[in-house]
Amino acid sequence: MTAGENQAKRSFSFRAAMTAPEWAERVRCMENGRKYRFKFAPYQREMMETPFRRDVQLTVFQMASRLGKTEVCMNIIGHAIDESPRRILTMYPTTGQAEKWSKETFTKELCEQTPSLHYLVAGGKRQSHNTILHKVFPGGILNAFGGNAPGEMRRAKGNLLFADEIDALQETKKDEGDQLEVFWMRGSEYADCIRLAASYPSVIGQSRIQRHLDESDYRKWFTPCPKCKEWVVLLREHVTWPDGRPEEAVVECPKCMETLTDKQRRAMVRKGEWRATKPFRGVAGFWGNAMMSPHPVQKGYASHLHWLAQQQINAETSDNPERARRVLVNTIDALPHEPEMIDAPDPHVLMDRREPYNARQMLPEGVQILTAGVDVQKTWLELTLWGWGEGGEGWALDHRKFHGGYNNPKTWAELESYIVSCELPHPTRGTLTLTANRPKVFVDAGHWSDTVLEWTRTRSRLGIYGSQGSPTINAPVVKAKRRNAIPRAWVYPIGVNQGKEQIYNKLALAKPPAGEPPPPGYLHFPETADLTFFDSLTCEIGKEETFRGEVYTRYVCPPGRRNEVLDTTVYAWAALLARPVSWRREAAKGSKSNADDAKMGTFSDQAQSKRTIQRRQWINRSGGWKI
């Protein structure tokens, strides 16, 4: 039979010679010519069989990352092209993601690796009737769409609909209706339409995939414990390890409380089975977390359990634990995250936390690095000086205004004099300064950027840089510096929303009981800080907004309130994060200073240079907190 006759036969053949699972194991090829095998991930077989049942209207895959939900859907699509031609529609949150799926997943991983599908890509050469988002094959077509362009779906129809990462779909300003519902309607004229929805979840109450899963029979992967023989669903909370030794992580059976190794976990997963936990009403749902992972142990880890334990440790010790926990819950537990609402403490509560330290007389011993943030107003410059220690612990040291217009050279001269003369005594390191060959002072260049950047351009050697807030809500606190065009000054982009969220997280930490150390990241304030200072630090309120399927907090300043202290604190925090800090190395500087003091005598004002004394006198004259 010629190739043309074979294609003609397939074009008029509507009954599959093989089921999708059979096709996957007999025909589908993976990278390096390996055959697809259910033995590697046995839970994928039922996921692949269920969508073809006549009583299933929709199949939902709410799975942790890298469990193969997309791979299952690729096998179903490959089977439809090769064995049972259909009109296939796929949708991703954006057109760019749809193109990436078409080029990387569909073309590279499915078609180029599987010989019977290779004609679709013709060795990488583009065919006249095929484009990135439109493919034609004997008996059917494949169209890919982005949810950000719902109008493209108006004339489309299909009987195999695959929507991936649906929790990242964004509402559009055009009045097209919900993109996912529009997509599902594209198959309404077919009696045998297969609908597939896949994603890991986002936030409770806003997760599309969780809403579909709640309407399904909610199947979970039950596995038999090798010790008590009971069937259990393994969760990340069942992983335990000795303090400080995550490499020794084990699983604790929730039934018999016996410990199980990672090898035993893998054996349990291979022997598991899907069990529905809700009545079936036309929607089949599959939920699975990272405890089901069949993948090899990642480089640098003793086991998969070690990797899970380390992810939890990293989240708890990160600069933004709340956001890190969200990633754990969404991508590893495959559960929607419940945001922890961050309310700024009452200014009066912060007033009660004030402590009796005086930075000009002696810095607290925990301070290792000084940074400052400068906010630029039309008629004054405002600066907050902070000291930082290990774990992100911070001490407010000084706050002051430099009165004068932003275009007045005298105002900038006073600011520069303050920065270069800032030398504060430290109990183990002699003095700490605010100037260095690393970022120490961030100056807001959001407004009047020409004036600000022209000033910072020649002062980067002092650690003074311009900074500009990022318009993206989920931007990191600080990104790599970039060169401005005119004037040619270095600028650090700052994610102000992430920065304010982290500062509010720090402010929410409770005051430790007397005699106990403060929690990591705790912020200290001197007795001289007044209520106006705390009002300005806590005035902004957070409003939740959804961006690419995730919920973020955007901070806004109510009308009539002043937020300069919060802004300058964020700039000072970003200056600390701009370059990695080795706290061990900073502590070693203190040890070296102590050794030098032992040789040269006790550090005293009389032994200091005349220049140092003059600098301290300048700080005292500048008019900040009355200390």
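Trainee: By class, how many residues in the lining of the largest pocket are nonpolar, polar and charged?
Mentor: This is a predicted model, where local features need pLDDT of at least 70 and side-chain atom pairs pLDDT 80 or more, while totals for chains, interfaces and linings use all residues. Residues are numbered from 1 along each chain as its sequence is written, and side-chain values use heavy atoms, without hydrogens and water. Ala, Val, Leu, Ile, Met, Phe, Trp, Tyr, Cys and Pro count as nonpolar, Asp, Glu, Lys and Arg as charged, and the others, Gly among them, as polar. The lining has ten nonpolar, seven polar and 13 charged residues.

Trainee: Which helix supplies the largest share of the lining of the largest pocket?
Mentor: Helices are DSSP runs of H or I, at least four residues, numbered from the N terminus. H4 (69-82) and H5 (95-111) each supply at least two lining residues. The largest share, six residues, comes from H5.

Trainee: How are H4 and H5 placed, roughly parallel or roughly perpendicular?
Mentor: Their axes, lines fitted to C-alpha atoms over the stretch in contact, with angles from 0 to 180 degrees between N-to-C directions, come within 11 Å and cross at roughly 70 degrees. Angles of 65 to 115 degrees count as roughly perpendicular, and those under 35 as roughly parallel. Therefore H4 is roughly perpendicular to H5.

Trainee: Which residues of H5 make the contact with H4?
Mentor: Contact means heavy atoms within 4.5 Å. From H4 come Thr-70, Glu-71, Met-74, Ile-77, Gly-78 and Ile-81. On H5 the residues are Trp-101, Thr-105, Phe-106, Glu-109 and Leu-110.

Note on methods: Parallel < 35°, antiparallel > 145°, perpendicular 65-115°, else oblique.
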